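Biologist: I would like to learn how to read a structure with two protein chains. Could you walk me through it, feature by feature?

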Amino acid sequence: MTQEPRAGYWLLVGILTAVVALGLFAWIIQLRDGKVVGGYTKDSFWGVYIANFITIIGVSYGGAVVSAILRLTGAGWRAPLTRIAEATAVVTVFVGALCIIPSVGQPARMLEFFYRPNLSSPLIWDSLAILTYGFATLVFFYLPLIPDLVEARKTMGAKAGRLRRLLWEKLSWGWQGGKAQRHLLHRSVGLLAIMIIPLAVSVHSVLAWAFAVSSTRPWWSESLWAPYFVVAALYSGVALVILSVAMLRRMFHLEPFITERHFVRLSYILATLGALYLYLTVADFLPGAYHGQPATLAVFRALLVGSYAPWFWLVVVMGLALPLLIVAMPRTRHTGWIVFAAACINVTFWIKRVLMVVVPATYNTITGTLAPYHFTWVSVSITLGAMAAIPLLLLILFRFVPILSVTEIEEVEEKAGAVAGGGEAVGKSITAAAQAPVPAKAS
Amino acid sequence: MATLTPPPHDRGPAAAPQPPAGPPPRPDAGAGLPGDGRKQFGRRTFLSYLGAMGLGAAAASRIDLVPYRAVDAGHAVKAGAKHQWCMILDLRYCDGCKACTAACQQAHYLPKDQEWIKVYKLQSAAGQTYHLPRPCMMCEDPPCQAVCPVGATFRTDEGLVLIDQNVCIGCRTCMAACPYEARYFNGSKPPPAPRQPFKQNAEWPVPQIEGTVGKCVWCAARLPHGMLPACVAGCPMGVIYIGDLTTDVAVNGQGKLIRIAKFLRENGAVRLKEELGTHPRVYYIPGYGQDLNASSAISG
Ligand code: SF4
Ligand code: SF4
């Protein structure tokens, strides 16, 4: 059902809109004055915009795969989460893809990708993968939504307003909820859940391979990078799902449906991926640091002990060690702490991506030296704008589509009921919620 | 100007520089790759060797005897092309005055931070300082072209790698791919240039277009008319030669003519980063036995 939001909703929407507007303003300034105001120098051909692109496309992947895996393993507790995870995937792939625009020098010419592609360029495959994946996430979000649209129209009635009722009617394509229809829907969602995993893996692998265009740029052509990207994406993606769930739970009074239990289970997934990423980080650095090939060593030295070391170790401590500890210790394994860990991960993994892009990009392959990289108010504003666009779009989206997958929750309940002969607490509240869109108790 | 052992030479244009008693010519006349070239067996090199052996190349009874340029001959010369441009930089005479850079920037109306031919001051492993002017290498297998998503970078039949700035989207992937740091992005408005006799094009990219990538073009628009590139004409030391592989003749700004194959062979020519398999069209004559591929920077 679509919930009426709490009072803080409009305040939050207002703030986020302001930040997005600032980002757009900065982008216009950059269009007017050239890329130099965005921090471009002759020593750093790529920078923070590419890092934003990877970060945001990456988190999208987490949402899609979490939802897919939970569906495939038939995890019963997933029901109130999948919609939010899928929506996060859609919103972030959209914002992420847009993030490439401030990076290119002639954005108006980007349509050339379609009418004069050079198939030997990794960028063409990149954009193809992202478009395919973006479309798939959209379908993956939309299909399970259909029965809920009908449901929402029924329960909300005239209260929903003309616009929403019309939208729901158009988008539900004459869904009746018959046996054949349900069967078809189940099969297609199941199929999509299987397909979206290799698709998401391919997107992030191709993204990593786009950095392997030159064997002389250290670090970028490590063979580990594709899986490294994939795991980073999953890890930060799960963290973002936790953040979106926390935000939407608060804004739309979902506390009765999404409980600490959900956060704890998501945090287990988080910890598994975090441990894997920690291992890959060691695997990424150890051989290169050991053989000490000059170019690799210059970059690794800057990262591990040199000028970038504070940032690098911040990522290791705040982005990996701390979250792992929080999940490991029963004392901190609670909603508040888990959300804090997720926030740390999202921030530090953006920093990690900046390091991954900037350090090899500022390496001069003739002189073997590193040049400094600078942020400017323009590049910072565009980055903040892009980041703010994610929660903003989520908040707006869930004014128009039901935030919980009512039908799915009911199905899971039915199954659980058949097995155990009784529903859980969620089971009772769901019926209540179907009648009263605003739960009486909202803490 | 920290050249430790400046070669004796006369700067007057009448007496063109003569090679000093540099490294002695190799004993076997058709020496293979100079230096430790034999160990650097690039992908194309390998195929070319196979091709050369398969055809039973007359001169080559041993791989060592494949003349330097023949390694690349297979894909260097396109049938029907009138010229195959190449460049030779005789580092023995370069004193790092950067006159080439200035001449280039003036000719192309470039901003100061775009040094299409950039003079690096480097130190050899033995501690000697030397200067390395770096134009675009006009790679025969250019990585910059392969990665360009929209085909803005292309290679002409005459072996020039050029950018169509009316197509380039400014993604800068080519800058990531170029192993020689030869490319520059126009991050702001280029300096004003007077009206040119013809429209901005890949061979004469004047003025630069903001938001696109530019690089050294070997003054492609001048070459067919027998005019020297700006840097070649501008070098007071006669370091830079522009040559045509089809006629085997190269010339420098002092008007000195050389037979390319012989000159390269006798003076132990090398190419930068041979091991990458990019097959540069720029040959360097190292002055004092320095290994150009293993030097550290003093300033760049
Ligand atoms: S910056 Fe221009 S020339 Fe370079 S890869 Fe992109 S489109 Fe091609
Ligand atoms: S030197 Fe760089 S820009 Fe020039 S052709 Fe080779 S890869 Fe391309």
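**Reading the two chains**

Modeller: Gladly! Let us start with the surface of chain B, whose accessible area comes to about 12100 Å², with 58% of it belonging to carbon and sulfur atoms. Keep in mind that this is a predicted model.

Biologist: How many helices and strands does chain B have?

Modeller: Chain B holds seven helices and twelve strands. Of its 300 residues, 57% count as buried. Another thing to read is how far along the sequence the contacts reach. Among contacts in chain B between residues at least 6 apart in sequence, 64% join residues at least 24 apart.

Biologist: Now the place where the chains meet. What area is buried between chain A and chain B?

Modeller: The general idea is that the size of an interface is often given as the accessible area lost when the parts come together. Here, about 3100 Å² is buried between chain A and chain B, and carbon and sulfur atoms give 54% of that. In chain A, the residues that lose the most area to chain B are Lys42(A), Arg109(A) and Ile366(A), together 20% of what that side buries.

Biologist: How many residues does each chain bring to the contact?

Modeller: Chain A brings 36 residues and chain B brings 38. As for polar links, the count between the chains is 27 residue pairs in polar contact. The elements of chain A that give two or more residues to the side touching chain B are helix H1 (8-33), helix H4 (112-115) and helix H5 (122-142). H5(A) supplies the largest share of that side, three residues. By class, the side of chain A that touches chain B has 15 nonpolar, 13 polar and eight charged residues.

Biologist: How many salt bridges does the rule find across this interface?

Modeller: It finds one across the interface of chain A and chain B, while the count over all chains comes to eleven. The side chains of Glu181(B) and Arg217(A) meet in a salt bridge at 3.3 Å, N to O. This pair crosses between chains: Glu181(B) sits in the loop between helix H5 (173-177) and strand S6 (183-185) of chain B, and Arg217(A) in the loop between helix H8 (179-209) and helix H9 (225-251) of chain A.

Biologist: Are the two partners, Glu181(B) and Arg217(A), buried or exposed?

Modeller: The cut-off to remember is that buried means under 20% relative accessible area. Glu181(B) has 15% relative accessibility, so this residue counts as buried. Arg217(A) is buried as well, with a relative accessible area of 0%.

Biologist: What about a salt bridge inside one chain? Which residue does Arg71(A) pair with?

Modeller: Arg71(A) forms a salt bridge with Glu86(A), and their closest N and O atoms are 2.8 Å apart. Because Arg71(A) lies in helix H2 (residues 48-72) and Glu86(A) in helix H3 (residues 79-98) of chain A, the pair ties together parts that are 15 residues apart in sequence. Arg71(A) is buried at a relative accessible area of 14%, and Glu86(A) is buried at 1%.

Biologist: And where do Lys262(B) and Glu266(B) lie?

Modeller: Both are in helix H7 (residues 260-266) of chain B, four residues apart, about one turn of the helix. Lys262(B) forms a salt bridge with Glu266(B), with 3.6 Å between the closest N and O atoms. Lys262(B) is partly exposed, with a relative accessible area of 42%, and Glu266(B) counts as partly exposed at 33%.

Biologist: Let us go back to helix H3 of chain A. Which residues does Val93(A) touch?

Modeller: Val93(A) is found in helix H3 of chain A and is buried, with a relative accessible area of 7%. Leaving out residues up to four places away in sequence, Val93(A) touches Ile57(A), Ser60(A), Ile130(A), Tyr133(A), Gly134(A) and Thr137(A). The C-alpha atoms of Val93(A) and Tyr61(A) are separated by 8.0 Å, although these residues are 32 apart along the chain.

Biologist: Ser60(A) is among those neighbours. Which backbone oxygen lies 3.0 Å from a polar atom of the Ser60(A) side chain?

Modeller: That is the backbone oxygen of Ala89(A). Ser60(A) lies in helix H2 of chain A and counts as buried at 0% relative accessibility. With residues up to four places away in sequence left out, Ser60(A) touches Ala89(A), Thr92(A), Val93(A) and Tyr133(A).

Key
Residues numbered from 1 in each chain as written. Chains lettered and ligands numbered in written order. Predicted model: local features only at pLDDT ≥ 70, side-chain atom pairs only at ≥ 80, totals over all residues. Heavy atoms only, no water. Buried < 20%, exposed > 50% of the residue type's maximum accessible area, 1.4 Å probe, protein only. Contact = heavy atoms within 4.5 Å. Areas by Shrake-Rupley, 256 points an atom, 1.4 Å probe, with all protein chains shown as cover. Salt bridge = Lys/Arg side-chain N within 4 Å of Asp/Glu carboxyl O. Buried area = accessible area lost by both parts, 1.4 Å probe. Polar contact = N/O pair within 3.5 Å; in protein donor to acceptor, adjacent residues only side chain to side chain. Nonpolar A, V, L, I, M, F, W, Y, C, P; charged D, E, K, R; others polar.
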